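Visitor: Please take me through this model one question at a time, with the cut-off behind each term stated when the term comes up.

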Amino acid sequence: MDYKHKLNQVQQRISNACDRSGRNVDDVKLIAVTKYSSIEETKLMIEAGCLHVAENKMQDAIPKIDQLSHLHAMWHYIGHLQTNKVKHLLPSFQFLHSLDRLSLAKEICRKYPNDRISCFIQVNISKEETKSGIEPEKLIEFINQLKDYSSIDVCGLMTMAPKVKHPEETRTIFRRLREWKDEIQLRTYLGENCRYLSMGMSEDFEIAIEEGATHIRLGSVLTK
Ligand SMILES: *Cc1c(COP(=O)(O)O)cnc(C)c1O
């Protein structure tokens, strides 16, 4: 697999989406999702220039991170995180994209009282039963409850759009996440610390960029 070539193609698409929406490419971070990739493939991908990498299962992630630590990539945890796996989060991961409940925040604080981990709050904008994430209506209350959780550094919001026939149908989902970010900036103690939007995957990242994504999580478009 020629990861450099794939990466170039994707970067061109990111750049075009930024041009269309008057955004700076430096404000959109590409995170390579390596959940479909072996350790060797992940290594090649990082070497091709993907310095931000994401995994959604702890048991797959830890051996990769251990064996590739010399490459100094930044690792993002994007899957549902079971409370009993919190012990593996640090020091392996620099970002958690799936903070979706208070009990998880509590366990992170219990395990890492002297650290601060950058977290995105996962929001279930599309309200699909099968997706995790805080319901939008409960978001402000959830954030206010997080105030006393000193190990949690909320840096933004994350969402997953539903699978749709036409990517364009995801636009309102992404737009609503951005509107919630603006609302949180105005109405909660987080203010402008809540600054990132982790949204957009292989099928819909260009639309997510047009709607303000700062972090896009790309798997299959890079690895398949
Ligand atoms: C798998 C996964 C992705 C990447 O999906 P692709 O469609 O392969 O780009 C992004 N985010 C999360 C949370 C995932 O689980």
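Predicted model: local features only at pLDDT ≥ 70, side-chain atom pairs only at ≥ 80, totals over all residues.

## Loops, charges and overall form

Visitor: Where is the place of Ser 132?
Guide: Residues are numbered from 1 along each chain as its sequence is written, and side-chain values use heavy atoms, with hydrogens and water left out. Helices (H or I, at least four residues) and strands (E, at least two) are DSSP runs, numbered from the N terminus. In these terms, Ser 132 sits in the loop between β5 and α5.

Visitor: Is Ser 132 buried, partly exposed or exposed?
Guide: Buried means under 20% relative accessible area, exposed over 50%, and partly exposed in between, with a 1.4 Å probe and protein chains only. Because its relative accessibility is 27%, Ser 132 counts as partly exposed.

Visitor: What separates the C-alpha atoms of Ser 132 and Leu 222?
Guide: Ser 132 belongs to the loop between β5 and α5. Leu 222 is 90 residues apart from Ser 132 along the chain, and the separation of their C-alpha atoms is 25 Å.

Visitor: Which residue forms a salt bridge with Glu 137?
Guide: Side chains of opposite charge can pair when their charged atoms come close, and a salt bridge is here a side-chain nitrogen of Lys or Arg within 4 Å of a carboxyl oxygen of Asp or Glu. Glu 137 has its closest N and O contact in such a pair at 3.1 Å. The two partners are 10 residues apart, both in the loop between β5 (117-122) and α5 (139-146). Glu 137 is exposed at 54%, and the partner is Lys 127.

Visitor: What phi does Lys 127 have?
Guide: Most residues other than glycine have a negative phi. Lys 127, in the loop between β5 and α5 and partly exposed at 47%, is not a glycine, and yet its phi is positive, at about 55°.

Visitor: Where does His 72, which also is not a glycine, lie?
Guide: His 72 has a positive phi of about 55°. Its relative accessibility of 66% is the reason why His 72 counts as exposed. The residue is found in the loop between α3 (58-67) and β3.

Visitor: Which residues does a cis peptide bond join?
Guide: Most peptide bonds are trans. In this model there is a cis bond with omega about 0°, and its proline is placed in the loop between β3 (74-77) and β4 (95-99). The two residues are Leu 90 and Pro 91.

Visitor: How are Lys 43 and Glu 47 separated in helix α2?
Guide: The pair forms a salt bridge in which the closest N and O atoms are 3.4 Å apart. Lys 43 is partly exposed at 25%, and Glu 47 is partly exposed as well, at 43%. Because they are 4 residues apart in helix α2, their separation is about one helical turn.

Visitor: How many salt bridges does a search of the whole structure find?
Guide: Lys 138 and Glu 135 give one case, with an N to O distance of 3.6 Å. A network of salt bridges links Arg 20, Glu 168, Arg 171, Arg 175, Arg 178, Glu 210 and Glu 211. Over the whole structure, the number found is 18.

Visitor: Which residues form a positive surface patch?
Guide: Patch residues have over 30% relative accessible area and no salt bridge, and like charges are joined within 9 Å, with Lys and Arg counted as positive and the charge of a Lys placed at NZ. One member lies in the loop between β1 (29-33) and α2 (39-47) and, with 35% relative accessibility, counts as partly exposed. The members are Lys 35, Lys 57, Lys 163 and Lys 224.

Visitor: What radius of gyration does the protein have?
Guide: The protein comprises 8 helices and 8 strands, its C-alpha trace spans about 45 × 40 × 30 Å along the principal axes, and buried residues make up 51% of the 224 residues. The radius is taken over C-alpha atoms, and the globule rule is 2.2 Å times the number of residues to the power 0.38. A compact globule with 224 residues would therefore have a radius near 17 Å, and the protein agrees, with 17 Å.

Methods
Patch = residues over 30% accessible without salt bridge, like charges linked within 9 Å, V, L, I, M, F, W, Y side chains within 5 Å. Areas by Shrake-Rupley, 256 points an atom, 1.4 Å probe, with all protein chains shown as cover.
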